[in-house]
Every structure is written in C-alpha cells, then in structure tokens.
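Here is a friendly walk through one protein chain and its ligands. Please keep the sequence and the model open beside you as you read.

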Amino acid sequence: MTGVSDERAENSSDNVSDNCSEHDSSDCSCHCSCHGSEHDSEHNHECDSEHAEYVSDFREELVAALKETGFSCGMCGECCRMNTTDSNLIIMSASEVREIMAATGLSWDEVAEPYPDLLEEDGVSYTFDWCIRRNPEGTRSCVFQGADNRCTIYEHRPWICRTYPLMLADSVSEDGCTVTNLLKSECLCYGNKITDDEAKAQAEDLIARKINEDREFMKIKSVYGKISLQKIKENGIKKCVIDSEGVKEIV
Ligand code: SF4
Ligand code: SF4
C-alpha cells in the first residue's frame with residue numbers, strides 16, 4: 001500500500017536514532033512486552049520514565065542533526081514547480097484537503113488531484129493518495145503558488161510543504177530495530193547557520209508530521225481492509241481514491 005509520504009526526490013539521509021523495537025519513535029506510546037493487568041504501577045513508572053528518556057534523546061539527536069544540516073528556506077519557489085517529472089507531487093491527507101477547502105472556499109477538485117500512478121486490481125484502478133492541485137500548463141506549479149513565489153495558503157499549507165525539504169522515515173535494521181532517518185530532498189539551501197530555536201522548531205514540525213502521517217496510514221489501512229474492489233467495480237466505479245474517509249470516484 002502506498003504510504004502518505006513526500007514523493008519529491010530524496011537525495012540523502014542521516015540516521016537520527018537506532019530505536020529499540022519496543023518504542024515507536026513517531027508516537028508517544030511505549031510498546032513494552034507486557035500488557036494491561038500485567039502492568040503494575042512500579043512497572044508503569046519504569047516504562048514511562050524509560051520512554052520519556054528515549055523521546056528526549058531522540059529530540060536532542062534530531063535537533064543536533066538539523067543544526068548540522070542547516071536548512072533555511074531561500075524562498076526560490078522551485079519545490080512548488082515541476083522541474084522533473086512529477087517532482088512537485090505534494091501528498092495530502094483528506095483532513096488537509098478539507099482544511100484548505102475551508103480556508104479558501106474552493107471545492108475538493110479545485111484543491112486536490114489524485115496521485116497519478118494508479119494501481120490495478122480486480123478491474124479497478126485506484127490510489128490511496130491525494131496531491132495538491134497543479135496548474136495544467138507551463139511549469140505545472142501548485143495552484144496556490146503566487147506570482148512572487150510565495151504560498152497563498154501559507155497558514156494552511158500541508159505538512160509536506162511545512163517541512164520540505166526534510167522528512168523523517170523509519171527503516172528496519174538487520175538486527176530488527178527501527179531506525180529513524182532524517183531524509184533530505186533536493187534544495188539549494190542547506191549549510192546555513194541556524195539557531196537552536198530554529199532547529200527545535202524544525203524538529204517539532206518533523207515529529208508532528210510523522211505522527212500525522214502514521215495515523216493517516218493506519219486510517220487508510222483500516223478503510224482498505226473493509227472495502228471490496230469487486231463491489232466497487234459492480235457499482236460501476238472504474239477509478240477511485242481510497243482515502244481515510246472512504247472511496248471517492250475519479251471521474
Ligand atoms: S525549500 Fe528549498 S526549493 Fe523550496 S522554496 Fe525553499 S529554498 Fe526553494
Ligand atoms: S501549498 Fe504552498 S508551499 Fe505547498 S506547493 Fe503549494 S504553493 Fe508551494
């Protein structure tokens with residue numbers, strides 16, 4: 001299943017933290033091996049403090065990595081335009097689409113377009129993702145990019161735009177531990193001097209984005225688990241987006 005992630009070019013990554021598989025770096029819930037009634041208050045306390053220490057270490061390592069990365073947006077606007085094929089696909093959750101609709105008064109289709117690479121199964125073409133709507137001609141820039149390169153929906157822009165060119169992504173190491181990486185996409189504005197507060201703000205945004213993406217992924221997975229592509233086809237739908245709200249036909 002396609003996750004909700006940044007589809008723009010990823011150039012390099014830094015390992016931020018090797019995480020014990022008992023911990024989920026993206027969500028503040030300690031996944032220890034005993035559950036429910038097996039948890040006595042002393043164990044809970046140990047578990048909570050171990051987890052708090054882990055989260056604190058992770059934040060510190062991330063802030064240090066961000067300071068070293070030194071990203072500071074030069075506002076060239078290149079990431080909002082299509083420079084190479086589909087380089088500016090900005091994936092959005094259904095709730096992000098709705099936030100922009102509420103802020104702008106635009107319709108769903110004016111805000112979002114389906115992710116262009118559709119999967120095929122049981123006679124139905126489908127995707128799990130919406131992208132921000134792009135102009136049909138020219139550089140196929142995002143419809144919300146202003147003439148001065150500025151974002152016209154800045155306060156309501158999706159998480160990917162808030163955190164670009166950076167993102168956090170998990171991978172599993174050979175010994176089965178979850179490794180959280182700081183990925184860096186294409187951008188000319190690395191290597192700047194940034195303050196501790198700026199690095200901390202970037203870290204909080206990246207963590208918030210990852211929590212949102214992981215939750216969205218689980219919601220879409222749950223919807224997908226309940227639908228039948230066969231039934232969708234019987235209802236005359238040949239193309240659709242399966243998102244966290246349900247099935248939306250592509251017309
Ligand atoms: S993130 Fe990078 S590519 Fe995008 S506008 Fe800022 S400097 Fe330009
Ligand atoms: S929403 Fe704003 S920041 Fe995001 S691609 Fe469009 S113009 Fe750029």
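**Overview**

This is a predicted model, in which local features need pLDDT of at least 70 and side-chain atom pairs count only at pLDDT 80 or more, while totals for chains, interfaces and linings use all residues. Residues are numbered from 1 along each chain as its sequence is written, and chains are lettered from A and ligands numbered from 1 in the order in which they are written.

The chain's secondary structure comes to 6 helices and 10 strands. Helices (H or I, at least four residues) and strands (E, at least two) are DSSP runs, numbered from the N terminus. The chain has 251 residues, of which 28% count as buried. A residue is buried if 20 or more other C-beta atoms lie within 10 Å of its own, exposed if 12 or fewer, and partly exposed in between, with C-beta atoms placed from the backbone. Two residues are in contact if their C-beta atoms, placed from the backbone, lie within 7 Å. Among contacts with a separation of 6 or more, 67% come from residues 24 or more positions apart.

**The two open sheets**

Strands pair here if DSSP finds at least two bridges between them. One open sheet has 4 strands in the order β4-β5-β9-β10, with mixed pairing. Its edges are β4 (119–121) and β10 (246–249); each has a single partner strand, so one side of each is left without a neighbour in the sheet. On average, neighbouring strands of this sheet are turned by 35° against each other, direction ignored. For that angle, axes are lines fitted to C-alpha atoms (for helices over the stretch in contact), and angles run from 0 to 180 degrees between N-to-C directions.

The other open sheet has 3 strands in the order β2-β6-β3, with antiparallel pairing. Here β2 and β3 stand at the edges with a single partner strand each, so one side of each is left without a neighbour in the sheet. Within β6, Trp 130 is the bridge partner of Met 92.

| Strand pair | Sense | Bridges |
|---|---|---|
| β2 and β6 | antiparallel | 2 bridges |
| β4 and β5 | antiparallel | 3 bridges |
| β5 and β9 | parallel | 3 bridges |
| β9 and β10 | antiparallel | 4 bridges |

Glu 121 has Val 124 in β5 as its bridge partner, and Tyr 126 has Cys 240 in β9. Val 241 stands opposite Lys 248 in β10. The hairpin of β4 and β5 has 2 residues between the strands, and in this hairpin Asp 122 takes a positive phi near 50°.

**Helix α2**

Which residues of α2 are buried? In this helix (residues 94–104), they are Glu 96, Val 97 and Ile 100. They lie on the same side of α2, because they cover an arc of only 105° around the axis; the arc is that of the directions from the helix axis to the C-beta atoms. The buried residues of α2 pack against β2 (91–92), α3 (108–111), β3 (112–114) and β6 (130–132). Just after α2, Gly 105 has a positive phi of about 80°.

**Ligand shells**

A residue is counted as near a ligand if its C-beta atom, placed from the backbone, lies within 6 Å of it. The shell around ligand 1 consists of Cys 73, Gly 74, Met 75, Cys 76, Gly 77, Glu 78, Cys 79, Tyr 164, Pro 165, Cys 187 and Cys 189. By class, these are 8 nonpolar, 2 polar and 1 charged. Ala, Val, Leu, Ile, Met, Phe, Trp, Tyr, Cys and Pro count as nonpolar, Asp, Glu, Lys and Arg as charged, and the others, Gly among them, as polar.

Around ligand 2 are Cys 80, Ile 90, Ile 132, Cys 142, Phe 144, Gln 145, Cys 151, Ile 153, Arg 157 and Cys 161. This shell has 8 nonpolar, 1 polar and 1 charged residues.

**Backbone details**

Most residues other than glycine have a negative phi, and most peptide bonds are trans. Tyr 164 and Pro 165 are joined by a cis peptide bond, with omega about 10°. Pro 165 sits in the loop between α4 (159–163) and β7 (166–172).

Asp 86, which is not a glycine, has a positive phi of about 55° and lies in the loop between α1 (41–69) and β2. Asp 86 counts as partly exposed because it has 14 C-beta neighbours inside 10 Å. Arg 140 also has a positive phi, near 50°, and is found in the loop between β6 and α4. With 16 C-beta neighbours inside 10 Å, Arg 140 counts as partly exposed.
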